[in-house]
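Biologist: Before we talk, could you put the sequence and the model side by side, so that I can follow each of your answers on the structure itself?

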Amino acid sequence: MRRRARLMTATAAAALLIGCVSGPAASEPGPDREGERVLVFSKTAGFRHDSIPTGIATVKELGAEGGFAVDATEDAGAFTAANLAKYDAVVWLSTTGDVLNATQQGAFERYIRGGGAYVGVHAAADTEYDWPFYGGLAGAYFQSHPAIQPAKVHVEDHAHPATSHLGTGSWDRTDEWYNYRANPRDKTHVLASLDETSYTGGTMSGDHPIAWCQSDYQGGRSFYTGGGHTKESYAEPAFRQHLLGGIRWAVGAAQADCRPEKGYTPLFDGTAASLEGWKQAGPGSFALDEDDGTLTTVGGMGMLWYDRRELGSYSLKLDWRMRGDDNSGIFVGFPPSDDPWSAVNNGYEIQIDATDVPAKTTGSVYGFKSADLKRRDKALNPPGGWNTYEIRVEGERLRVYLNGIKINDFTNTDPARSLRQGHIGIQNHGDADEVSFRNIRVKDLPARRSGTPAPTVSEAGH
């Protein structure tokens, strides 16, 4: 049931976005649609948080809001293959100590390796210290904590459903802030981190992740948040949305790029100052919302392009959102010009469009190569949700990743064009089209000599 529910969710979401390509838009789920189901597990063998009952009630409320059913237990006997198969995710809600025996641990490992999902809340990091599989799944183990106090949380990923609602400013909240035995950044995708200068008692040398995710931990998904110690946390709208977004991603109802990410330089970080390196070519413009950190297309047809330097071998990442059946794209590999048609004629466009033909719809190299539509549909969030592109250029090879999934692999053979050097830009398509962009960043990659194998898919995004 778990895999079937996840597949149906992804298919329905994709159908909403590409109805004119693949057939009619999805209707209400049929009578055989079972939906997502979540198990909340809150057994403790050490310190017991008095917020656990409030947390359980909150997850049930979020389930009613988010469309997933919720069961709750403190019985470790629930960890059998047959019972776990009923669930799309297991939420470890402030568990502590050694809570599963070896047989139960084995059942949970097989569940994760079979495509299950883990959501860890707060003291889930204070659990199962002698079980290496669990430590890797959670991402880090608890070490210590100072007194409950206010702190500033810095959002690092503005597209993941657990953090996309938080804007560009600091997320100011009060909780019990864990220090961890090791920094999870190298092995997980960090969603948010603590500003250790904003409170006392942080011990992680200024790099202090507090929420993170893993898109593939030995076959399963993993999301962890360090928040949730206090009862009051579960009444905070922003924290409730944070937890809901993490669960929705874990069960497969929303998609995001949760591969580890490091070494990127921001080209647009949501501020007016970061637009100083960009120029508008052609008519139209982009509206800046510094509170939300977004650029939204206005009029057209034109293009906002980065004129500070040309790029050669690189990984470009950016987040984008459509409101409905809109049109835009990302241009790469074009020479400097104030004429947007120069990018069309000399570069390549990675398309954003809900309902065009396959070679001109989301994920396509416009007019040259369609995306792998099945993989694209599985990775895609519907209109209104944020998506993340990685556009990876090495030599004349261009690869496109949508929410961490490779959906296109194109090699230029046109002698009149070249991907080896050029600028990048984002398109404003026309008055009827509204597409927003966030968090545009780039990482230079080593130039490959002809005949050198390309990095494997697992290396992309690191």
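This is a predicted model: local features need pLDDT of at least 70, side-chain atom pairs count only at pLDDT 80 or more; totals for chains, interfaces and linings use all residues.

Biologist: What makes E18 and strand E23 a pair of strands?

Modeller: Two strands need at least two bridges between them to count as paired, and E18 and strand E23 (residues 423-429) have 4, in the antiparallel sense. E18 is also joined to strand E19 (residues 348-353), again antiparallel, by 6 bridges, and one example is Gly329, whose bridge partner in E19 is Gln351.

Biologist: Why is the contact between Arg37 and Asp71 called a salt bridge?

Modeller: The rule asks for a side-chain nitrogen of Lys or Arg within 4 Å of a carboxyl oxygen of Asp or Glu; the N to O distance between Arg37 and Asp71 is 3.2 Å, so the pair qualifies. Arg37 belongs to strand E1 (residues 36-41) and Asp71 to strand E2 (residues 68-73), and the pair therefore ties together parts that lie 34 residues apart in sequence. Arg37, at 29% relative accessibility, counts as partly exposed, and so does Asp71, at 27%.

Biologist: Which parts of the chain does the pair of Glu261 and Lys317 tie together?

Modeller: The side chains of Glu261 and Lys317 meet in a salt bridge of 3.0 Å, N to O. Glu261 sits in the loop between helix H7 (237-251) and strand E12 (265-268), whereas Lys317 sits in strand E17 (residues 314-322), so this pair ties together parts that are 56 residues apart in sequence. Lys317 has a relative accessibility of 0% and therefore counts as buried.

Biologist: How do you know whether Arg399 and Glu394 are buried or exposed?

Modeller: Both values fall under the 20% limit: Arg399 has 2% relative accessibility and Glu394 has 4%, so each is classed as buried. Their closest N and O atoms are 2.4 Å apart, in a salt bridge. Arg399, Glu394, Glu261 and Lys317 are among the residues linked in a network of salt bridges, which also includes Asp257, Arg259 and Arg441. The structure as a whole holds 28 salt bridges.

**Rings and enclosed space**

Biologist: Why is the ring pair of Tyr178 and Tyr180 given its class?

Modeller: The structure holds 27 aromatic pairs. In this one the ring centres of Tyr178 and Tyr180 are 6.2 Å apart and the planes stand at 70 degrees; the limits are 6.5 Å for a pair and over 60 degrees for edge-to-face, so the conclusion is an edge-to-face pair. Tyr178 is buried at 2%, as is Tyr180 at 3%.

Biologist: What makes the lining of the largest cavity mainly nonpolar, polar or charged?

Modeller: The lining residues divide into 7 nonpolar, 4 polar and 1 charged, and among them are Val153, Trp171, Arg173 and Gly226. Strand E7 (171-175), strand E10 (208-217) and H7 each give two or more residues to this lining. The cavity has a volume of about 60 Å³, and 3 cavities of 30 Å³ or more are counted.

Note on methods: Residues are numbered from 1 along each chain as its sequence is written. Side-chain values use heavy atoms; hydrogens and water are left out. Buried means under 20% relative accessible area, exposed over 50%, partly exposed in between (1.4 Å probe, protein chains only). On a 1 Å grid over the protein atoms alone, a cavity is a set of points where a 1.4 Å probe fits but cannot get out, and a pocket is an open set with protein on both sides within 12 Å along at least five of seven lines; lining residues have an atom within 4 Å of a point. Grid points are joined across faces, edges and corners, and a volume is the space filled by probe spheres set on the points. Ala, Val, Leu, Ile, Met, Phe, Trp, Tyr, Cys and Pro count as nonpolar, Asp, Glu, Lys and Arg as charged, and the others, Gly among them, as polar. Rings of Phe, Tyr and Trp (its six-membered ring) pair if their centres lie within 6.5 Å; planes under 30 degrees apart count as stacked, over 60 as edge-to-face and the rest as tilted.
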